[in-house]
Amino acid sequence: MIDRILEFSIRQRLLVFVFALLLIGVGIWSAIHLPIDAVPDITNVQVQVNTEVPTLAPEEIEKLVTFPIETELSGVPGMTDMRSLSKFGLSQVTLIFTDHTDIYHARQLVTERLQAAVDKIPEGLTPRLAPISTGLGEVYYYSVDYSEDAPHKPGTRQEQLMELKLLQEFVIKPMLRTVPGIADVNTAGGFEKQIVVSPDLKRLSASGLAVEDIAEVLKMNVENAGGGIITQGSEQFIVRGVSRVENPEQIANLPVKFAAGVEPLRIKDLAQVTIGTKPRTGAATVNGKEAVIGTAMMLAGENSRVVAEHVATRLKEIEKILPPGVVIREEYNRAHLVERTISTVESNLLEGALFVIAVLFLTLGNWRAALIVAAAIPLSFLFA
């Protein structure tokens, strides 16, 4: 059989050469479009359910949140395993499915079961599915900061981190999520800017009020109301009840109690209204300095190198529309790691081929024979 193949190859050299060129072309095209990563992603098909629980201890989170969700999600078709994690501020349930399960179908099944679980956990908590990503999905890290000569830069570092996080959450993150192959963008570090109302307990007690009274007043003044439509002739007028406060001054002037005096007791008489931050349980640093860091999460199954390159290009475009002096610095780019890995493989193959040629030449004493045998190395890769 081998003799016939060799005889045919020698007699039909032109045909063999044409087929070899065709296979080389197809091999090069496949190599260019082949998803290449530095390490193989062996993550199984899984769906994570995360629930933020800001106030309860881990013991209560396990009993009141994690266990009811586990009970409702048990027995989902295609599920092989389930594990959970309960810690301060977070309940996480992970469902493992069979290898050939469609991830979107699995998420649909979990979403349907979660509708029943919502009624069995404390009010105000919302279980959410984690992005369609894997443990190797973090393909790009970047930090947002002010340059040294940035104009209009806030005076303190805390104020800078508040403004930078606002830019990250409401400008950079929404635009970056439109990049093809991105599942989500996570934010770490910074301070969440809030209007903080700090009640004075002595004044409240002297006025016969409680903290709940201030909370109720604030709750009633954070939403606008609709009043329908008034029709006059051929025209219609929309009726709006504008009652939503928009700044600390408006909050401070909200009336809380109408006593015997001419003026009512306002929030500023019972509490201090300032611009502050939400309490946080962690921070992010770059070179020992607090910073705001963004992480681009790749959609499962995408080409990490291509996605990382698209993210880098998109961030350069976003940086142009940011306020003067705000810069986006690259901290980690998966594309660089993949390129270095490919470069290492290329150099090893080239050195190996040269070594084979040298050994064959020393053994056979014929350059043509050595080159023919050495050509099998790259051709085998391309044909594969």
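Visitor: Which residue does Arg 11 form a salt bridge with?

Guide: In this predicted model, Arg 11 forms a salt bridge with Glu 7, and the closest N and O atoms are 3.2 Å apart.

Visitor: How far apart are Arg 11 and Glu 7 in helix 1?

Guide: Arg 11 and Glu 7 are four residues apart in helix 1, which covers residues 2–11, so about one helical turn separates them. An α-helix has 3.6 residues a turn, so residues three or four places apart point the same way.

Visitor: Is Arg 11 buried or exposed? And what about Glu 7?

Guide: Arg 11 is exposed, with a relative accessible area of 66%. Glu 7 is partly exposed, at 41%.

Visitor: How many salt bridges does the count come to?

Guide: The count comes to 10 salt bridges. One of them joins the side chains of Arg 266 and Glu 263, with an N to O distance of 3.2 Å. Arg 266 is partly exposed, with a relative accessible area of 21%, whereas Glu 263 is exposed at 57%.

Visitor: What about Glu 290, which side chain does it meet in a salt bridge?

Guide: The side chain of Glu 290 meets that of Arg 280, at 2.9 Å from N to O. Glu 290 lies in strand 14, and Arg 280 lies in the loop between strand 12 (271–277) and strand 13, so this pair ties together parts that are 10 residues apart in sequence. Glu 290 is partly exposed, with a relative accessible area of 26%. Arg 280 also counts as partly exposed, at 33% relative accessibility.

Visitor: Staying in that region, where is Asn 287 found?

Guide: Asn 287 is found in the loop between strand 13 (285–286) and strand 14 (289–290). Its phi is near 55°, a positive value in a residue other than glycine. Most residues other than glycine have a negative phi. Asn 287 counts as exposed, at 81% relative accessibility.

Visitor: What is phi for His 152, and where is that residue found?

Guide: Phi of His 152 is near 60°, which is a positive value in a residue other than glycine. His 152 is found in the loop between strand 5 and helix 5. With a relative accessible area of 78%, His 152 is exposed.

Visitor: New topic: which residues make the nonpolar surface patch?

Guide: Phe 8, Leu 15, Val 16, Phe 19, Leu 22 and Val 26 make a nonpolar surface patch of about 540 Å². Helix 2, residues 13–33, gives the largest share of this patch, with five residues.

Visitor: Why is Leu 22 called exposed?

Guide: Leu 22, which is found in helix 2, has a relative accessible area of 53%. The cut-off for exposed is over 50%, so Leu 22 counts as exposed.

Visitor: What is Tyr 140 in contact with?

Guide: Leaving aside neighbours within four places in sequence, Tyr 140 is in contact with residues including Gly 294, Ala 308, Val 311, Leu 315, Glu 330 and Tyr 332.

Visitor: Which residues of helix 4 are buried?

Guide: Ala 106, Arg 107, Leu 109, Val 110, Leu 114 and Ala 117 are buried in helix 4. Their cover includes strand 1 (46–53), helix 3 (58–73), strand 3 (89–97) and strand 4 (128–129).

Visitor: What span should helix 4 have?

Guide: At 1.5 Å a residue, the 16 residues of helix 4 (residues 103–118) should span 22 Å, and the end C-alpha atoms are 22 Å apart, which agrees.

Definitions and conventions:
Residues are numbered from 1 along each chain as its sequence is written. This is a predicted model: local features need pLDDT of at least 70, side-chain atom pairs count only at pLDDT 80 or more; totals for chains, interfaces and linings use all residues. Side-chain values use heavy atoms; hydrogens and water are left out. Patches are made of residues with over 30% relative accessible area and no salt bridge: like charges are joined within 9 Å, nonpolar side chains (Val, Leu, Ile, Met, Phe, Trp, Tyr) within 5 Å. Accessible areas come from the Shrake-Rupley method with a 1.4 Å probe; for residues, only the protein chains shown count as cover. A salt bridge is a side-chain nitrogen of Lys or Arg within 4 Å of a carboxyl oxygen of Asp or Glu. Helices (H or I, at least four residues) and strands (E, at least two) are DSSP runs, numbered from the N terminus. Buried means under 20% relative accessible area, exposed over 50%, partly exposed in between (1.4 Å probe, protein chains only). The expected span of a helix is 1.5 Å times one less than its number of residues. Contact means heavy atoms within 4.5 Å.
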